[in-house]
Amino acid sequence: MTAHTKGTGMKWVGRAIRRLEDPALVTGQGHFTADLPAEHWVRFVRSPNAAGTIDSIKAPDGAMLITAADLKAVKKITPMLHKFEYRPVGQSILADGIVRYVGEAVAAIVAPSEEEAEDIADLVELNIGATAPVVDARDALSAGAPQIHAEAPGNVILKGEVKTAGFDGVWTSAAKIVKVDARSHRQNATPMEARAAHAAYDKASGRVTLTCTTQMPHLMRTAIADLLGIAESDLRVIAPDVGGGFGQKMSLCAEYVLLVWLALRLKSSVAWTEDRRENLIASFHSRDQYIALEGAFDKDAKLLALRADVVSNVGAYSCFPTTSGVEPLMAMAEMPGPYDVQQYQCLARGVLTNTCTMAAYRGVSRPIITFTLERLMDKAAKAFHLDPVDIRRRNLIDKFPYTSATGLIYDEATYKQTLEMAVHEIDLPAFRLRQKEARAKGRYLGIGFATFSERTGYGSPAFAARGMAITPGWETVHVSVDPSGYVEARIGSSPHGQGLRTTLAQIIADELGIPPDLIKVVHGDTDTAPYGWGTFASRSLVISGGATLIAARKVRAKLIKIASHMLEAAESDIVLEDGAAKVAGTDRSVTVATMAREIYTQTHRFKGELEPGISESGTYDPPGTFSNACHIAIVELDPETGHVKVDRYLVAEDAGRIINPMIADGQVHGGIAQGLGNALLEEIVYDESGGILTANLADYMPPTAREMPHIELHHMETPSTQSITKAKGLGEGGTIGAPAALLNAINDALTPFGVEIDTIPATPQRIRAALRAAEQATKKSA
Amino acid sequence: MTDKTALTLTINGRDHAIAVEARRTLADAIREDCGQTGTHIGCEHGICGACTVIVNGEPVRSCLMFAVQAEGKKIRTVEGLADGETLHPMQQAFMDHHGLQCGFCTPGFLMLAVGVLEREPDINDDDLLDVLSSNLCRCTGYQNIIKAVRAAAEQMRGK
């Protein structure tokens, strides 16, 4: 085979073959939503106020203006949770009488071109009676704060509480209580392709095709059809090439609903391409949390109990389908992380504010809870005069299966092994020496550790446990062989950069003895793909991969039956390889192409013993498992400027069997880049009036190539028993571990100054402010 | 703002006779008037570099240039990078080294890297890193982009 792949060995799984996605993408032949022409273009008029009542909206004469008054027949987006005192709040497609954040869509202008729509939208007179907003979650909890929705008194949209039975006794008996007040500021996932949608009405069928940049095409169809009161079969949703998602494109956008409504009304095509400013202020945000975490330790620095107070700023509305529980509830469930601690108390609240709606972003709460917990462990190490590695050795779980204080079952993990592997590779004693020498010269180096687990590939029971009205979990894959012998897999997942067309083809290739580049993986079109949930939560390779394996095994069994008939040999003697079925130990063989032609067109030869055609389905709904890793960062901090340079970044990771090492490494690299942005650079800043000060990519700063260290990756590959491909997910781990490792490294570098920083991003301004405060305190006391 | 100017854009050696408003950016003209949608638009502020094309040998942000300013100039886009069926070494290197994931920023990175290396084939690694820092990628963490560009630079020098 084949110029398109590289690698050696008998199996395709485990090989770093080139991606089947790439030839189109490197030649400019990809199909992205914004590439489509349309008869009509939409520009949204967005609220300049964070809170207020809409007094009037007036468009220039002759303009086509759509407001909430036109949408009375459209239901509000009202995501639902059946637990945790959740208060359902509704979101109108366009603001209906009240605005709740800067950037909320208030009206839509429809015009023949994008430019005209923008020009007219600029002329719309929007009169809003401004009222006092509340931007910060703690302020929103205070007595007398403005109420965002009447349905959620006190602005609390949900409240989760956990307390284990023996908590109080253990807490009072502890030798030391260590505390961290962590703050994570707000982020935007910032896919390079902002949102875009194109809805086209087909006059012959009366159907609408919505092409949009989404991670969940089927659920978009379900949700939009429901809101508009149309049959799902009258709506086709296509996710073409999608320019990154990272969770932001998982949630339902009100804008997409309006596009479908307009296509039906105009009986034509209509498009909207979001600009970067809109994306930064009005798409979806994330990570805006306060976590106060305390750990009770015994005299040997063994963690006995954890107590957490999570305040999650969920913005103005609840996101569909996960609801605004996505961050606070994940924080509550997974706070204990990789440590053996059986006593736990947590209060987790989702708090409504006059800010852009919060939704899932790569890692969801785990970058924050991991950073918080890992800061706690480092503070505890200091309190007990231990090395950060030692305290982790004493507390990491090493007996499996392990049931966490919140009832999660850790089936298996290699926390200690990956820690030791990473510590060995980094050469800690040599670093400590170098650090000491550097400090003598006025240079400040620091090392930071993060050990954590990444819950991956969890099926519907995990979502049901959250009380979600919609429990995404399973995936279905159809694998067929067409009469010409080519293999096609239709999948419900919806990859957008993860390389799933390649990795799933590798899985099928090994089952069928056919090279991957003869296998087409088809996704992202609700007319051709089986119903599925899409791509998010480090799930697709595990769940869609499992479904692919199940379907491919059925196809394999069918091919062996066909070959057995055609070659008049026992099924047990047939092997599939090199695109053919062979009778082991003989020269008798028949190609897959011949078998396929025969089973479709000469069915009578099988005497009714075999069904015509080759088309099989597999569905997989696994319990879920946990990947794990240890990240180590070495930084140099300039106390004069507060600048942090990452000198070295090392990862030891275990994500089970690796299907394609090149793609796996790429996921980790990209995840760490986003985690580094989270830790050092990226922050959506609201002013007190609820205006956003970071509405372009110069003010909101994702890392560039200059900020990224070279990442050293070490893999363990412990095959998972909870995943039939033995693979675990790893899409989020990089993002989860990086803020913890980097903040611990920064704090290690800050040790000589007696300063700590528990806020992300740890920008130069924040580091300087902490140093300045310490300098002033020293002066005062002197 | 509806007065349109007739002009000809020369993209990848082919003339496109179009009529655009004076305010039309080169990026929009390339995509919408000339139908070459391989060039992507990421921010329209000149920051992300997704729309980078080569104009008279220089990589430029096509969202920061008006179409009328590009008349008479040689414009190269990602669609013109391959020589028939043979990929440009930069395209091949991005595939070989996994320098792309979602592929949205890729055309901009390819044109940036090719433009710079054609002008300055012996650019040192540190300067190259500075150049690559002018575009944003959200998927790869850059490590494999850097690897790919260095590998392609070797090959381009060897030609």
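# Close-up legends

**View 1. The buried residues of helix H1 of chain B pack against strand E1 (4-11), strand E2 (14-21) and strand E3 (52-55) of chain B.** Helices (H or I, at least four residues) and strands (E, at least two) are DSSP runs, numbered from the N terminus. "Buried" here says that 20 or more other C-beta atoms lie within 10 Å of a residue's own; 12 or fewer makes a residue exposed, anything in between is partly exposed, and C-beta atoms are placed from the backbone. Packing and touching are about contacts, in which the C-beta atoms of two residues, placed from the backbone, lie within 7 Å. This is a predicted model, so local features need pLDDT of at least 70 and side-chain atom pairs count only at pLDDT 80 or more, while totals for chains, interfaces and linings use all residues. Residues are numbered from 1 along each chain as its sequence is written, and chains are lettered from A, ligands numbered from 1, in the order in which they are written.

To find the buried ones, look for B:Leu26, B:Ala27, B:Asp28, B:Ala29, B:Ile30 and B:Arg31. After the helix comes B:Gly35, with a positive phi near 70 degrees.

**View 2. Chain B has an open, mixed sheet of 5 strands, in the order E2-E1-E5-E3-E4.** E2 and strand E4 (58-61) of chain B sit at the edges with a single partner strand each, so each has one side without a neighbour in the sheet. Going from strand to neighbouring strand, the average turn is 40 degrees, direction ignored. Two strands are said to pair if DSSP finds at least two bridges between them. E3(B) and strand E5 (residues 74-76) of chain B do this in the antiparallel sense, over 2 bridges; B:Val55 has B:Ile75 in E5(B) as its bridge partner.

Two helices lie on this sheet. H1(B) touches E1, E2 and E3 of chain B, with its direction at about 115 degrees to that of E2(B). Helix H3 (residues 106-119) of chain B touches E3 and E4 of chain B, and makes about 35 degrees with the direction of E3(B). For these angles, axes are lines fitted to C-alpha atoms, for helices over the stretch in contact, and the values run from 0 to 180 degrees between N-to-C directions.

**View 3. E1(B) and E2(B) run antiparallel and are joined by 8 bridges.** One pair to pick out is B:Leu9 with its bridge partner B:His16 in E2(B). The hairpin has 2 residues between the strands, and B:Asn12 takes a positive phi near 50 degrees there.

**View 4. Chain B splits into domain 1 (4-80) and domain 2 (89-158).** These bounds come from an automatic or database domain assignment. The C-alpha centres of the two domains of chain B lie 21 Å apart, and 15 residues of domain 1 are in contact with 15 residues of domain 2. On the domain 1 side, E3 and E4 of chain B each supply at least two residues, with the largest share, 3 residues, coming from E3(B). That side has 7 nonpolar, 7 polar and 1 charged residues. In this count, Ala, Val, Leu, Ile, Met, Phe, Trp, Tyr, Cys and Pro are nonpolar, Asp, Glu, Lys and Arg are charged, and the others, Gly among them, are polar.

**View 5. Where chains A and B meet, 40 residues of chain A are in contact with 45 residues of chain B.** On the chain A side, helix H1 (22-26) and helix H17 (661-681) of chain A are the elements giving two or more residues. H17(A) gives the most, with 7 residues. By class, the chain A side divides into 16 nonpolar, 15 polar and 9 charged residues.

**View 6. A:His496 sits in the loop between strand E22 (487-491) and helix H14 (500-512) of chain A.** A:His496 is buried, with 28 other C-beta atoms within 10 Å. Leaving out residues up to four places away in sequence, A:His496 touches A:Gln215, A:Val242, A:Gly244, A:Gly245, A:Thr535 and, from the other chain, B:Cys102. A:Asp241 is 255 residues away along the chain, yet its C-alpha atom and that of A:His496 are separated by 6.5 Å.
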